[in-house]
Amino acid sequence: MRVEFTTEPFDLDEAPRHAVVAREVVQAAGLDAVDVGPFGNTAEGGAEQVIAAVQDLLRDTLRAGATRVSLQVNVVPADAEGEA
């Protein structure tokens, strides 16, 4: 599975706490192909890993001050990822 997400509010001068927490969550989740950027983030992994990471992401970023979390989860074909 692939998850794409952003947290708001944005701050172009400095990464807000909720954005730092989001990065920490996906990096700690052991997901593959983690790509963290200023306007969007993606990560891939097995279904259980992604679902658990999304749960942690929502809980922890909202606690850290996010006022909005936008996310999209896609099923990646098994041959492209190894496990869907």
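## Close-up views of the predicted model

Figure 1. Valine 3 stands opposite alanine 43 in S3. Strands, like helices, are DSSP runs numbered from the N terminus (helices: H or I, at least four residues; strands: E, at least two). S1 and S3 run antiparallel and are joined by 4 bridges; two strands pair if DSSP finds at least two bridges between them. The model is predicted, with residues numbered from 1 along each chain as its sequence is written; local features need pLDDT of at least 70 and side-chain atom pairs count only at pLDDT 80 or more, while totals for chains, interfaces and linings use all residues. Side-chain values use heavy atoms, with hydrogens and water left out.

Figure 2. Methionine 1 belongs to the segment before S1. Its relative accessibility is 13%, so methionine 1 counts as buried (buried: under 20% relative accessible area; exposed: over 50%; partly exposed in between; 1.4 Å probe, protein chains only). In sequence, methionine 1 is 42 residues from alanine 43, and their C-alpha atoms are 8.4 Å apart in space.

**Figure 3. Asparagine 41 and its contacts.** Asparagine 41 lies in strand S3, which covers residues 41-44. Asparagine 41 counts as buried because its relative accessible area is 11%. With neighbours within four places in sequence left aside, asparagine 41 touches Val3, Glu4, Phe5, Thr6, Asp35 and Val36; contact means heavy atoms within 4.5 Å. One of these, valine 36, stands opposite asparagine 41 in S3.

**Figure 4. The hairpin from S2 to S3.** Strand S2 (residues 32-36) and S3 run antiparallel, with 3 bridges between them. The hairpin that joins S2 to S3 passes through 4 residues. Aspartate 35 has threonine 42 as its bridge partner in S3. In a regular strand, side chains alternate between the two faces of the sheet.

Figure 5. Most peptide bonds are trans, and most residues other than glycine have a negative phi. The bond that joins glutamate 8 and proline 9 is cis, with omega at about 10°. Proline 9 sits in the loop between S1 and H1. Alanine 33, a residue other than glycine, has a positive phi, near 50°. Alanine 33 is part of strand S2. Its relative accessible area is 53%, so alanine 33 is exposed.

**Figure 6. Leucine 12 and phenylalanine 39.** Leucine 12 is found in the loop between S1 and H1. Leucine 12 counts as exposed because its relative accessibility is 71%. The C-alpha atoms of leucine 12 and phenylalanine 39 are 9.7 Å apart, while the two residues are 27 apart in sequence.

Figure 7. Rolling a probe the size of a water molecule over the atoms shows where empty space is left. A pocket is an open set of points on a 1 Å grid over the protein atoms alone, with protein on both sides within 12 Å along at least five of seven lines, whereas in a cavity a 1.4 Å probe fits but cannot get out; lining residues have an atom within 4 Å of a point. The volume of the largest pocket is about 290 Å³, a volume being the space filled by probe spheres set on the points, which are joined across faces, edges and corners. Its lining has 17 residues, and Pro16, Ala19, Gly37, Pro38 and Phe39 lie nearest the centre. Strand S1 (2-8) and helix H1 (17-28) each contribute at least two residues to this lining. By class, the lining residues are 9 nonpolar, 5 polar and 3 charged (nonpolar: Ala, Val, Leu, Ile, Met, Phe, Trp, Tyr, Cys and Pro; charged: Asp, Glu, Lys and Arg; polar: the others, Gly among them).

Figure 8. The protein chain has 3 helices and 4 strands, in the sequence pattern β-α-β-β-α-β-α. The C-alpha trace spans about 40 × 20 × 20 Å along its principal axes. The radius of gyration is 12 Å, which agrees with the value near 12 Å for a compact globule of 84 residues; the radius is taken over C-alpha atoms, and the globule rule is 2.2 Å times the number of residues to the power 0.38. Of the 84 residues, 32% count as buried. Among contacts between residues at least 6 apart in sequence, 64% join residues at least 24 apart.
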